[in-house]
Protein chains: 2
Amino acid sequence: MPGKPNAVVLLSGGVDSATTLAIAKDLGFEVYALTFRYGQRHEAEIAGARRVAAALGAARHETLTFDLRTFGGSALTDDIAVPKGRAPEEMTKEIPVTYVPARNTIFLAFALAWAETLAARDIFIGATAIDFAGYPDCRPEYIEAFQRMANLATKASVEGRQRLTIHAPLIRLPKAEIIRKGLALGVDYALTVSCYDASPAGACGRCDACILRLKGFAEAGVTDPIAYR
Amino acid sequence: MPGKPNAVVLLSGGVDSATTLAIAKDLGFEVYALTFRYGQRHEAEIAGARRVAAALGAARHETLTFDLRTFGGSALTDDIAVPKGRAPEEMTKEIPVTYVPARNTIFLAFALAWAETLAARDIFIGATAIDFAGYPDCRPEYIEAFQRMANLATKASVEGRQRLTIHAPLIRLPKAEIIRKGLALGVDYALTVSCYDASPAGACGRCDACILRLKGFAEAGVTDPIAYR
């Protein structure tokens, strides 16, 4: 019996990527989870990713380190204040300061490198175009363009051994549906971290990520199991 | 008078990227040189990049560090032996073991991040499809696909402020022509490092990169100014 096919899953440690990992497992893949330490202001989400990968049975979990602060330009890596207390409709009006230049392109590029060495034909990303309408690199047309480029980029794709697919299974789902799907697949959201400003005392509850998370849980009719400070 | 437009130039410290940097300067760009420490077996090429950036007057030179050995799969980052003594026609028969999975995609992704924070519309890469016919990510169709993806990936491109161009000015040039062009633009090739197996005593003279370099200088009718051990 041949083994399961390998897939690389980008895992930040939040609700979306944890759900994406569970979806990849459910589709029958052996999952290789990939997390980045890129100069975020806190390590909490990396710890969350480690817990999620272990709980969902990833075959391997790697954390790659580089420093995006070299280039600057984002509230997630610089000293720009994370906006607090905004309504969801306000968040989509313009691209938020929490946008990190070219982040998904960098993440997917590393996933592509690992996919090639694993002979994996599938890469999963938890991008969603609904909640983060303001992020250019979360749109379906961006994901498609990356996939097209990826199929010209690697030795395996050129030799025809590896037709790569970039899966973004959440791209058109509202947060409440993502949470319902994840719960059905056994995701323990108590292990996840979403907050842009997390501390050991818990999530802030007021940044864009916390507000969208809380709204999602409320709409799904489920209590968010994490601590808020 | 408005200042010069900014451009990001990928700079490995070899002949091709040094020439590309000189071309970008000659075209009137303020150049921001970007080098990667990604788990290569020697630091000599990074030192070469530093010397080249200084000599050609880059506005800034950054070296970003990450470890591609996490994924494995290349003689440049693993313990696979670098092939020696091959004829140029042998090198293009198949993709060499010195191929690093998704390397140019990763490099260009970081260049894209920096370009966005610099408000640069231009990225230069010294890819050449002639000498390294075996590298999928050195082909014109790959560069075009990356450019298309890049124009969907960033805040600046989506807002129409930044139509990005990926320049690969050497892509159809044989090494001898690259060297002639660089000499005409004042590149000091004594500062460059090409060898896959460089040591303080000099270049090996027998790996693919050394053989292509020596052949290029011979065909250009110029003496290679670096030391061979």
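Reply: Happy to! Take strand β1 of chain A, residues 6-10: 4 of its 5 residues are buried, so β1(A) is largely enclosed by the rest of the structure. Strands here are DSSP E runs of at least two residues and helices are H or I runs of at least four, numbered from the N terminus. Buried means 20 or more other C-beta atoms within 10 Å of a residue's own, exposed means 12 or fewer, and partly exposed is in between, with C-beta atoms placed from the backbone.

Me: Before we go on, what kind of model is this, and how are things numbered?

Reply: This is a predicted model, where local features need pLDDT of at least 70, side-chain atom pairs count only at pLDDT 80 or more, and totals for chains, interfaces and linings use all residues. Residues are numbered from 1 along each chain as its sequence is written, while chains are lettered from A and ligands numbered from 1 in the order in which they are written.

Me: Thanks! Which strands does β1(A) pair with?

Reply: β1(A) is joined to strand β2 of chain A (residues 30-37) by 5 bridges, and the two run parallel. On that side A:Val9 stands opposite A:Ala33. Another 3 bridges join β1(A) to strand β4 of chain A (residues 122-124), also running parallel, with A:Asp122 as the bridge partner of A:Ala7. To count as paired, two strands need at least two DSSP bridges between them.

Me: How does the chain get from β1(A) to β2(A)?

Reply: Through helix α1 of chain A, residues 15-26, in a right-handed β-α-β crossover. Right-handed means that, with the strands pointing away from the viewer, the path from the first strand over the helix to the second runs clockwise. α1(A) lies across β1, β2 and β4 of chain A, at about 170 degrees to β1(A). Axes for such angles are lines fitted to C-alpha atoms, for helices over the stretch in contact, and the angles run from 0 to 180 degrees between N-to-C directions.

Me: And what's the strand order in the chain A sheet?

Reply: The order is β3-β2-β1-β4-β5, an open sheet of 5 strands with parallel pairing. β3 and β5 (165-167) of chain A are at the edges with a single partner strand each, so one side of each has no neighbour in the sheet. Neighbouring strands are turned by 25 degrees against each other on average, direction ignored. Helix α2 of chain A (residues 44-55) lies across β2 and β3 of chain A, running at about 170 degrees to β2(A).

Me: Zooming out, how many helices and strands does chain A have?

Reply: Chain A has 8 helices and 5 strands, in the order β-α-β-α-β-α-α-β-α-α-β-α-α from the N terminus. Of its 229 residues, 52% are buried. Among contacts with a separation of 6 or more, 72% are between residues 24 or more positions apart; a contact means C-beta atoms, placed from the backbone, within 7 Å.

Me: What does the contact between them look like?

Reply: 35 residues of chain A are in contact with 35 residues of chain B. On the chain A side, β3 (60-65), α4 (103-118), α5 (140-153) and α6 (155-158) each give two or more residues, and α4(A) gives the most, with 9. That side has 22 nonpolar, 7 polar and 6 charged residues. Nonpolar covers Ala, Val, Leu, Ile, Met, Phe, Trp, Tyr, Cys and Pro, charged covers Asp, Glu, Lys and Arg, and the others, Gly among them, are polar.

Me: Which surface does each copy use?

Reply: The copies meet through the same surface, because 100% of the interface residues of chain A are also interface residues in chain B.

Notes: Contact = placed C-beta atoms within 7 Å.
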